[in-house]
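Dear colleague,

Please find below the structure that I am handing over to you, followed by an account of what was found in it.

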Amino acid sequence: MKKNQDAAISVKENRALEVWRQFRRNKGAMIGLALLIVLVLVAVFADVIWDYENDIIQMQIGNRLAPPSWEHPFGTDNYGRDMLARIGYGTRYSLLIGFVSVLIGTVIGVPIGAISGYVGGKVDNVIMRIVDTFTIIPSLLMTIILVSVLGTNLFNLMIALSISTIPVMTRITRASVMVVRNNDYIESARAIGAPTGLILLKHVLPNCFSPILVQATLRVGSSIISAAGLSYIGLGVPLPTPEWGALLSASKSFIIKAQHMCLFPGLAIMITVMVINLVGDGLRGALDPKLKR
Amino acid sequence: MARWTPSSSDKEEQSVFKHKQNRQRIVQALEEKRASTSNAVFVEHLTVQYVTSKETVAAVNDISFTLPKKRTLGVVGETGAGKTTAMLSLMNMVPDPPGRIVSGDIQVGGLDMRSLSPSELQCVRGQEIAMIFQDPMTSLNPVVTVGEQIAESVLLHQDISKQAAMVQAKAMLAKVGIDPDRAGEYPHQFSGGMRQRVGIAIALACKPSVLIADEPTSALDVTIQAQILHLMRELKEENGASMILITHDLGVVAELCDDVAVMYAGHIVEYGMLEEVFNHTRHPYTEGLFNSLPNIRNRVALLQPIPGLMPDPSKLPRGCAFAPRCSYATDACREQAPDVHHFSDTHTVACTAYRDASFAIKRRDIE
């Protein structure tokens, strides 16, 4: 342990360093992180790598349904567009939808769940009954309803997905808060005169962090899949946007003639979801001091 | 990622800041409310109940005691006798619901704890009165470094920077015999005895004038117990604090305490100075406690436990709660609440048998 004059700062620095050291130890998480960085880079620089008008939208009918080749590693689609370019550009939409919808859902859901679980009693009852009305409708159906009411575009899709994420985050937070609040160290914090807000933020929520983080990463994956599913049935991002679900949807008529058209978008979805889960698992291990060996 | 959630740091900072702003005002209000007194703790007719839809549990029934400054009070009794509930109500921290302080007067350092607002209570807790918890394995937050946990207590009650608080926390660690360089480590990296030292450091960080120790050594092994008790006494004397020690262990009481309160089924049945309670035992229950100790002079002697069990606190008998187990019990004991008899200025016993002036209990080891 490094000795630092500035005690408080050294504790924080050590914490960040320690987390990184733990994270690095997990091979799967490191592979996941590397792939995730690649995916994020592709998403951020999609405009630089591909020209939206020429590479993504422009039809080249003469070259339709070409199998994978050096020129088109993932083949071409039914309008002769390069599948690699379309899938690469689609990373943007999938990651954006996955992360933003879970972020909104978490930012709203976690505080509600924390208050519900910590205060308990009548407040808890009222909040949870309201949340229950959202949970009784299957989340995909819920999203379909919301998208059809709000209209089909990227923003509405994210809103719809985050609304179906809120009850999940609320429930998991409430459950873990209820376990943690009965611990002696919460009573101990009250005994030194800590105000309720501080107890919730510093003592309760950090101890609920692992289940919330795991749930959030799982939700990123399932949001991407839900978005893909909605695009597949035509309720997601409108054509010709190269969203992965929409790509899959377009491939369904050509599944006999051109398998590459459904194979690669499917793989892209699968790998992305897996990568996010790997990173989430690594983070959970690294952030939880109890799991350190 | 130095923090747990991206937003928590700011909010935490804010809430601490707000807390600080208000504190000055609250401290002034507290000083106005404070009555001058020479007692660290004064409790009169305290009654605490746990009320549920099914039953009402009478955990503490009409207890009174005073703790002068710089003295140590030992509270002994069986599990469920109401010791912890009574001491939690000193901090006005009885879990509500279901707990309720029904009546009584609680004063800590001249402050009426029952009339304080929540923010005033927060100001008093930790600063005036602090608590050491029973199980060091669960009373420390596993995801916060021990240094931060000690510093938190300082930060809540003093207007100093985080860095200065951490310096104080390290000094506190050194005082309880832990290398200050370990301030950045987490509770799971410490052994049970060291964690209890950290617990003591947290409780004493603001130099409270009253320290409640709730069975501080029950979860530790015997060799560590002595160290911890020694440390507690040393620090208590250094700070000039008063202490209330809850324990099952009569040996610990003999070692540390000036006064003793024996609790049974929510009542204080015998109260007095150490010497009076231990050497001139008057109450049959206290007698039973001593008789159930192993006798070092006669190692083959059978232990003499008190027959029976403590009554269900939701269905306390009409008369003396100890009567069903008491070998001296008469009909008068079963019918009405016990009389209180004073044997000296300090020694009181709640037992009806002393109506008969010639009554005396038979303690095995004194004979």
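In which loop of chain B does B:Lys207 lie? The model is predicted, and in it B:Lys207 is placed in the loop between helix H6 (192-204) and S7 of chain B. The residue has a positive phi of about 50°, although it is not a glycine. Most residues other than glycine have a negative phi. B:Lys207 counts as partly exposed because it has 15 C-beta neighbours inside 10 Å.

B:Lys70 belongs to the loop between S2 and strand S3 (72-76) of chain B. With 15 C-beta neighbours inside 10 Å, B:Lys70 counts as partly exposed.

The sheets of chain B

One open sheet of chain B consists of eight strands in the order S6-S7-S8-S3-S9-S10-S12-S11, with mixed pairing. Its edges are formed by strand S6 (129-132) and strand S11 (340-342) of chain B; each has a single partner strand, so one side of each is left without a neighbour in the sheet. On average, neighbouring strands of this sheet are turned by 20° against each other, direction ignored.

Strand S1 (residues 39-51) of chain B runs antiparallel to strand S4 (residues 99-108) of chain B, and eight bridges join them. The bridge partner of B:Glu44 in S4(B) is B:Asp105.

A helix pair in chain B

Helix H4 (residues 146-157) and helix H5 (residues 162-175) of chain B pack at an angle of about 115°, and their axes are 8 Å apart. Their crossing is right-handed. H4(B) contributes B:Gly147, B:Ile150, B:Ala151, B:Val154 and B:Leu155 to the contact. These meet residues of H5(B), among them B:Ala165, B:Met166, B:Ala169, B:Met172 and B:Leu173. By class, the residues of the contact of H4(B) with H5(B) comprise nine nonpolar, two polar and two charged.

Chain A

Chain A contains 13 helices and zero strands. Its C-alpha trace spans about 75 × 50 × 30 Å along its principal axes. Of the 293 residues in chain A, 45% are buried. Among contacts in chain A with a separation of 6 or more, 69% are accounted for by residues 24 or more positions apart.

One helix pair in this chain is H5 (residues 83-119) and H8 (residues 154-180) of chain A, whose axes come within 5 Å and cross at roughly 35°. H5(A) passes H8(A) in a right-handed crossing. The contact of H5(A) with H8(A) has 18 nonpolar, 11 polar and two charged residues.

A:Leu154 has its place in helix H8 of chain A. Excluding residues up to four places away in sequence, A:Leu154 touches A:Tyr93 and A:Val237. A:Leu154 and A:Tyr93 are 61 residues apart along the chain, and their C-alpha atoms are separated by 8.1 Å. A:Leu154 counts as partly exposed because it has 18 C-beta neighbours inside 10 Å; a buried residue would need 20 or more.

Finally, the span of helix H11 (residues 209-232) of chain A was compared with expectation. At 1.5 Å a residue, its 24 residues should span 34 Å, and its end C-alpha atoms are 34 Å apart, which agrees. H11(A) is followed by A:Gly234, whose phi is positive, near 85°.

With kind regards

Methods. Residues numbered from 1 in each chain as written. Chains lettered and ligands numbered in written order. Predicted model: local features only at pLDDT ≥ 70, side-chain atom pairs only at ≥ 80, totals over all residues. Helix = DSSP H or I, 4+ residues; strand = E, 2+ residues; numbered from the N terminus. Expected span 1.5 Å × (residues − 1). Axes fitted to C-alpha atoms, helices over the stretch in contact; angles between N-to-C directions. Left-handed = near helix turned anticlockwise from the far one by under 90°. Contact = placed C-beta atoms within 7 Å. Nonpolar A, V, L, I, M, F, W, Y, C, P; charged D, E, K, R; others polar. Pairing = 2+ DSSP bridges. Buried ≥ 20, exposed ≤ 12 C-beta atoms within 10 Å, placed from the backbone.
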